[in-house]
Amino acid sequence: MDEGDGSTLGAAHRSKQTPRTERVLTRQGVALQFRKGKAVAMKIIVTDLTKFKNQDVCIAGICPETGVCIRPRPYLSKAKCRELNILPGAILTGQFTPKRCSAPHVEDHFYENLVVCGPCSSVMFHRILAESATESVEDGFSIRIPQGQKYIPTETPPNLSIITLRIDPQGLQIVKDCYNNTKLRVHITENSGREFRYISITDLGFYECAMSHVAERGALDRLNDFFHSQEEVFIRVGLSREHESQGRKGFWIQANGIYTFPDCPEDIRRYHRE
């Protein structure tokens, strides 16, 4: 991935909320201040491109200078992301203002003058993931999750909603949903041996690629064999918006981004026909 020329998003989106008190986000001793709702100019590298049923796409990215994660709001449509070629690794610049929100989705920011500057290098993308990586879901969210549980209850939200998880490539397994063969899930085994089974895959490019081949005999086996042949796997683990399922209300764990190094299947990081 090489850096390219920028293109500007058509409309600006400004917060209409009243000014808020100063908010400081820090990582590794670097402070980024958002003063009383004032927009802050920033560059982010897209790390999450999350699919929605309504054809909107949730984008999130990490600022390479500070490590701060930003989720631009409002969401863009899939058509707009396709038009601007926004894919994982894309460089976005703009002015970002924190959106008033409750934990865990503290990454939400309004944006103005969002510009797509082309893709970053594969070296830069790897560095962004590696520097943000943790070895366990519990450590990443700084919260205890009982064995077998795939959500965090509404009453105990963590202070963030997206982390980067580093696992051994053998710990990644794509499977069909046990209740619906038209859906795919992922089994994640942490390096400690802890498992998270049948996790939703919300990674737009990954899911579309896998679904385009799922009807082929042996397709999932070939995909899993490829992943297991790689040296590193990073998973962007996200939390859904508050959702209730079978009487369990909370924020559900999902795979927002699945990245392998040194290679990835070539057609994963492109847009597929509807």
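Analyst: One cut-off to start with: a residue is buried under 20% relative accessible area, exposed over 50%, and partly exposed in between. By that rule Tyr-198, with a relative accessible area of 27%, is partly exposed. Also keep in mind that this is a predicted model.

User: Back up a bit. How many helices and strands does the protein have?
Analyst: Five helices and 18 strands. Of its 274 residues, buried ones make up 50%. Among contacts between residues at least 6 apart in sequence, 66% join residues at least 24 apart.

User: What lies between strand 14 and strand 15?
Analyst: The two form a hairpin with five residues between the strands, and Gly-193 in that hairpin takes a positive phi near 105°.

User: And strand 9, is that enclosed or open?
Analyst: Strand 9 (residues 108–119) is largely enclosed by the rest of the structure, because 10 of its 12 residues are buried. Strand 8 (residues 90–98) pairs with strand 9 in the antiparallel sense over seven bridges, with Phe-96 opposite Tyr-111. Strand 6 (residues 69–73) runs parallel to strand 9, joined by three bridges. One of the partners there is Asp-108, which bridges to Arg-71.

User: Where are the cis peptide bonds?
Analyst: One joins Arg-73 and Pro-74, with omega about 0°. Pro-74 is in the loop between strand 6 and strand 7. Another runs from Ala-103 to Pro-104, with omega near 10°, and Pro-104 is in the loop between strand 8 and strand 9.

User: What does Arg-73 lie over?
Analyst: The face of Tyr-75, at 4.3 Å from the ring centre.

User: Changing topic. How many aromatic pairs are there?
Analyst: Seven. Among them is Phe-226 with Phe-227, an edge-to-face pair at 6.0 Å centre to centre and 70° between the planes. Phe-226 is partly exposed at 24% relative accessible area, while Phe-227 is buried at 1%. Another is Phe-234 with Phe-261: the ring centres are 5.9 Å apart and the planes are at 80°, so the pair is edge-to-face.

User: Why does the pair of Phe-234 and Phe-261 tie together separate parts?
Analyst: Because Phe-234 lies in strand 16 (residues 232–239) and Phe-261 in strand 18, parts that are 27 residues apart in sequence. Phe-234 is buried at 0% relative accessibility, and Phe-261 is buried at 12%.

User: What is Gln-230 in contact with?
Analyst: Apart from neighbours within four places in sequence, Gln-230 is in contact with Pro-169, Thr-260, Phe-261, Pro-262 and Asp-263. A polar atom of the Gln-230 side chain lies 2.7 Å from the backbone nitrogen of Asp-263. Gln-230 sits in the loop between helix 5 and strand 16 and is buried, at 9% relative accessible area.

User: Last thing. Which residues in the largest nonpolar core touch the most other members?
Analyst: Leu-172 and Ile-174, in a core of 33 residues. Beyond its neighbours within four places in sequence, the contacts of Leu-172 include Val-186, Phe-227, Ile-235 and Ile-258. A second, separate core has 22 residues, including Cys-63, Cys-81, Ile-86 and Phe-96.

Definitions and conventions:
Residues are numbered from 1 along each chain as its sequence is written. Side-chain values use heavy atoms; hydrogens and water are left out. Two strands pair if DSSP finds at least two bridges between them. Helices (H or I, at least four residues) and strands (E, at least two) are DSSP runs, numbered from the N terminus. Buried means under 20% relative accessible area, exposed over 50%, partly exposed in between (1.4 Å probe, protein chains only). Rings of Phe, Tyr and Trp (its six-membered ring) pair if their centres lie within 6.5 Å; planes under 30 degrees apart count as stacked, over 60 as edge-to-face and the rest as tilted. A charge sits over a ring if NZ of Lys or CZ of Arg is within 6 Å of the ring centre and within 35 degrees of the ring normal. A polar contact is a pair of N or O atoms within 3.5 Å; within protein, one must be able to donate a hydrogen and the other to accept it, and residues adjacent in sequence count only if both atoms are side-chain atoms. Contact means heavy atoms within 4.5 Å. A nonpolar core is a set of buried Ala, Val, Leu, Ile, Met, Phe, Trp, Tyr and Cys residues joined through side-chain atoms within 4.5 Å.
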